[in-house]
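Reader: I should like to learn how to read a protein structure. May we work through one together?

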Amino acid sequence: MADFVHLLSLSFTQGFIVGQISVVLLIAAFIKYFIFGDPPSPEVTASIRATERRSRTLAHRQSLLTLRTPNTKEPQPTLKKKKSSVLRNPPTLTIGSILNKTYYNVDSHQPESLDWFNVLVAQTIAQFRSDAQHDDAILNSLTKALNGDSRPDFLDEIKVTELTLGEDFPIFSNCRIIPVDEDGMSLENRNGGGIPGQAGVSGARAKMLEGSRLQARMDVDLSDMITIALETKLLLNYPRRLTAVLPVALAVSVVRFSGTLSISFIPSNPSQSTPTMMTFSFLDDYRLDFSIRSLVGSRSRLQDVPKIAQLIESRLHRWFDERAVEPRFQEIALPSLWPRMKNTRGGGGGEDGLDTISSSGGSVGKGKGRDIANSLREEARQEVQAESLAGSSLRPELNQDTLRYRRPRVRDDGIRSDSFSMPGSLPDMDLNFRT
């Protein structure tokens, strides 16, 4: 019995020691491979992400082609509104006719450089950066967005400690126009080959272009350092509130972005009261590189933990993929392009075209403009009266020589005549013609 108790106690001690050693080994492996493990190279990571995005795009495209079946249902009757007899209906424009009228051949037209567009975009971004330096609106918006209602309980308030909007500008190039179907898929991918020649759009080509729309695709390249730095605290609220607090500081920088941007327009539908929409998205072959720095702890700090950088980078890529990478796209409603008076700026604001711009450079209201116009008329009338009075005082003999009371003129030879000389007329020329 004593030997059995001794053997049992020895087995328990050995098991306890083995268990403790296993826990220590697990903790050491976790620290070594999870916290201090070497991350894969950026090229390998980018290749893996590109393969995943490409497979997702191909699967979505295959599902569209599988589900796309010819519509055999009879068209639903729609209410026919009375058309205006004044506004003539223009001829029906198709994609083929638009390409022909604009002399654009999607097969042979060379891609455009978009240098002028780069200058306009650079001016817009430069003005945005300049406004951000004098106003904290972007800083307040970021702070409000980060500390929204959906912030988890284990995170303290997030503070933005650094914000750099960069110094360089994106470069757009290699712009080309291609026809796409209603799902945004290019016709060459849908038909499994290139688009035939554009000369003489008819027959099979017109049928192929029917129901499609035009899409502009351009390459985008940005090499810059756009940085946002944050500070927060990780809160442990178990078993009681604020059991432990772990300060965390992060700095995320966008180092490079390169991809293909696609832009297209969806025409308005008057029957459904939908405006014209502009859609844009990026193809799945983009490259987005980040530089992430981290600092965890208060006294003994861990700097630039690789796994934290990988976790944040994967979340940022997922956020971008779910919003602006095909098959997903962003949609923006465009306003009406017809000129309207409420959208007019500059020039005269009064009824008679007088300039109602204040001395400070801003526009004034209609009432103020009317007062300024009346004062200008009164000043002009007073000046005319003053000039007429000054002229009459210098030549009193002409006071009664008005249009109503005009005395007969006497010619140089003494003969009275009802005619009078006209300024600029030839001398001794009688303006009274005999009939």
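Reader: In which sense do β4 and strand β5 pair, and over how many bridges?

Author: Two strands pair if DSSP finds at least two bridges between them. Here β4 and strand β5 (residues 277–282) pair in the antiparallel sense over six bridges, and Ser262 stands opposite Ser281 in β5. Strands (E, at least two residues) and helices (H or I, at least four) are DSSP runs, numbered from the N terminus. Please note that this is a predicted model, in which local features need pLDDT of at least 70, side-chain atom pairs count only at pLDDT 80 or more, and totals for chains, interfaces and linings use all residues. Residues are numbered from 1 along each chain as its sequence is written, and side-chain values use heavy atoms, with hydrogens and water left out.

Reader: How many bridges join strand β3 to strand β4?

Author: Strand β3 (residues 213–236) and strand β4 (residues 244–266) run antiparallel and are joined by 20 bridges. Asp219 stands opposite Thr260 in β4. β4 also pairs with strand β6 (residues 287–296) in the antiparallel sense, over 10 bridges, where Ser258 stands opposite Arg287 in β6.

Reader: At what angle do the axes of helix α2 and helix α8 cross?

Author: Axes are lines fitted to C-alpha atoms, for helices over the stretch in contact, and angles run from 0 to 180 degrees between N-to-C directions. The axes of α2 (residues 42–67) and α8 (residues 306–324) come within 13 Å and cross at roughly 25°. Angles under 35 degrees count as roughly parallel, over 145 as roughly antiparallel, 65 to 115 as roughly perpendicular and the rest as oblique. Therefore α2 and α8 are roughly parallel to each other.

Reader: Which residues of α2 and α8 meet?

Author: Contact means heavy atoms within 4.5 Å. Arg49, Arg53 and Arg56 in α2 meet Glu313, Ser314, His317 and Asp321 in α8.

Reader: Where does pLDDT stay under 50?

Author: pLDDT is the predictor's confidence in each residue, from 0 to 100. The mean for the protein is 75, and 65% of its residues reach 70 or more. pLDDT stays under 50 over residues 350–364, which have 20 contacts beyond four places in sequence, and over residues 397–407, which have five such contacts. Where pLDDT is low, the predicted coordinates should not be read in detail.

Reader: Which residues does a cis peptide bond join?

Author: The cis bond joins Glu326 and Pro327, with omega about 10°. Pro327 is found in the loop between α8 and β8 (330–333).
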